[in-house]
Amino acid sequence: MPVSAKQLNLCDVSKDFDKFYNQNQNDLLSLLEQFINISDYIPYSFYQRYYSYFGRKRDFSLESMLSAFILKNILAIPSIDLLISLLHISYEMRKFCGFLRIPHKSQFSRFKDNFLESLNELFNNLVNVTEEISKEINPFLASILVSDTTGFEAYVAENNPKFYQSILRKSKTYAKILAKDNPNSTFDAEKYAQSQMPKTASSNNDVKLAYLNGHFGYFQKCIFTTNGLGVIRNVNFFDSENNLDLDLSPQETKDSYDAKSLIPALETYFQLHPNFAYNYFLGDSGFDAVDNYAYLHKKNIMPIISINPRNDQSLPQPGFNEIGVPLCPYDSSLPMVYDGISREKGRSDRIKYICPKTKKTKVKGKTQYILECDNPCTTSKCGRIKQITVNHDFRFNTSMPRDSLKWQLLYKLRTIIERSISQIKNFMQLLSSRVRNTNSIKSDILLACISQLIAFILMYRTNNTETPLAIKSLIA
């Protein structure tokens, strides 16, 4: 018998969706009400700032505002506008948050802008609570630190792809004109276009140009640290600018940023939590820097960091003459040329030597290096550079060999931080955020991390610890 097709009815679809959404939403709300009391985790200083700001005649309690943001993130609600609409529709959500009336969008925005410091204190308080839970669930994974750098794109005009394409078109036009006058020109239109991009966004000077997530953009840069369970331990914001050198590739620029961001981030973390101790640190090749190894050894933490193939160790190594000056790898009669001291925040001072066949020139006030060698030992346009540091053998003389099975099994755990960051960005909808204010961007990130920790505590108290990052299971 032929089966007759049923006509789709928009009202039926709407009812089915409403039934599904409310059922799962109410399950989550009942779990939160039963196992989580947000006031247990709010520092007293947060109460003081909040109530001194709004006075006695306040419309919304601190717990109500925080509950609304936590619910927004766990339910993956992409915007404050949609959150407000759902609060108007759902009596259960309003009751859970403790709202007698719904806050205006501007009140949510002012909350994020005014209480960034207090949100950071709340986050660190939750880190203390979840540290003990992590050790109880899995002591081994709780003894591992994993770090990775990332960035959150601000809602600014410069992040529109058309902005860069406009600069690139002008650069390519200039390259064609230059090629007519000089057919042997090695002018790189893309690198020139990148150098012409403004260093900061016009609407927010704190949002700076960087190469992150595989492309150039205007980001709030930060470094995330989790434990081996993937539970967020620290978020450190970096407002300093990446200097985009025309002699460096975008990936080399990112590696430089990664290498010098780790020590300040971990120093901040251990200052906030001096009693925390870890056995291992996992990091990708971006953290492959001498200073990072020395710092981790000083902290009695074993580094599990892969070798960066872009570092110069795969190249023929220069020797040294009797006074300690490095020599050309292909001609030991040519000593390299002293080029000053490299000083960078978070790194040891290094003595810089450049290839003796490299010439320095000034282009638009910037120093450029040009290699004039028929048989170069490197593909770099600026020639070989050797920077001398102390304890430089930490990189290779690791206490755990990189070819050992234990090292390889530990390094595989590093991907947990990528899943954790993806949860913060994608599931909690920070990628679709339309925020350009610095404090609001940072507050959104901290609120997402706070929500993850609240969800982790909830999963622990409901005996669901096998997959501590599976927040979706709370609403599925």
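This is a predicted model: local features need pLDDT of at least 70, side-chain atom pairs count only at pLDDT 80 or more; totals for chains, interfaces and linings use all residues.
Me: How many helices and strands are in the chain?
Reply: Helices (H or I, at least four residues) and strands (E, at least two) are DSSP runs, numbered from the N terminus. Here the chain has 15 helices and 14 strands.

Me: And how much of the chain is buried?
Reply: Buried means under 20% relative accessible area, exposed over 50%, and partly exposed in between, with a 1.4 Å probe and protein chains only. Of the 476 residues in the chain, 47% are buried. As for contacts (heavy atoms within 4.5 Å), residues 24 or more positions apart account for 66% of those with a separation of 6 or more.

Me: How do I read a helix pair, say α3 and α6?
Reply: Two packed helices are described by the angle between their axes and the distance between the axes. Axes are lines fitted to C-alpha atoms, for helices over the stretch in contact, and angles run from 0 to 180 degrees between N-to-C directions. The axes of α3 (residues 62-74) and α6 (residues 105-114) come within 12 Å and cross at roughly 100°. That makes α3 roughly perpendicular to α6, a label for angles of 65 to 115 degrees; under 35 counts as roughly parallel, over 145 as roughly antiparallel and the rest as oblique.

Me: Which residues of α3 and α6 meet?
Reply: From α3 come Leu62, Met65, Leu66, Ala68 and Phe69, and from α6 Gln107, Phe108, Phe111 and Lys112. By class, this contact has 7 nonpolar residues, 1 polar and 1 charged. Ala, Val, Leu, Ile, Met, Phe, Trp, Tyr, Cys and Pro count as nonpolar, Asp, Glu, Lys and Arg as charged, and the others, Gly among them, as polar.

Me: Where around α6 do its buried residues sit?
Reply: The buried residues of α6 are Gln107, Phe108, Phe111 and Lys112. They cover an arc of only 135° around the axis, so they lie on the same side of α6; the arc is that of the directions from the helix axis to the C-beta atoms. Their cover includes α2 (44-54), α3, α4 (80-89), α7 (116-137) and α15 (438-461).

Me: Which residues touch the most other members of the largest nonpolar core?
Reply: A nonpolar core is a set of buried Ala, Val, Leu, Ile, Met, Phe, Trp, Tyr and Cys residues joined through side-chain atoms within 4.5 Å. In the largest one, with 116 residues, Leu66, Phe111 and Phe224 touch the most other members. The helix α15 gives the most to this core, with 14 residues.

Me: Is Leu296 buried or exposed?
Reply: Leu296 is in helix α12 (residues 290-298), and counts as buried because its relative accessibility is 0%. Not counting residues up to four places away in sequence, Leu296 touches Leu266, Phe281, Ile301, Pro303 and Ile305.

Me: What should I make of phi at Asn300?
Reply: Most residues other than glycine have a negative phi. Asn300 is not a glycine, yet has a positive phi of about 60°. Asn300 lies in the loop between α12 and β7 (302-305) and is exposed, at 65% relative accessible area.

Technical notes. Residues are numbered from 1 along each chain as its sequence is written. Side-chain values use heavy atoms; hydrogens and water are left out.
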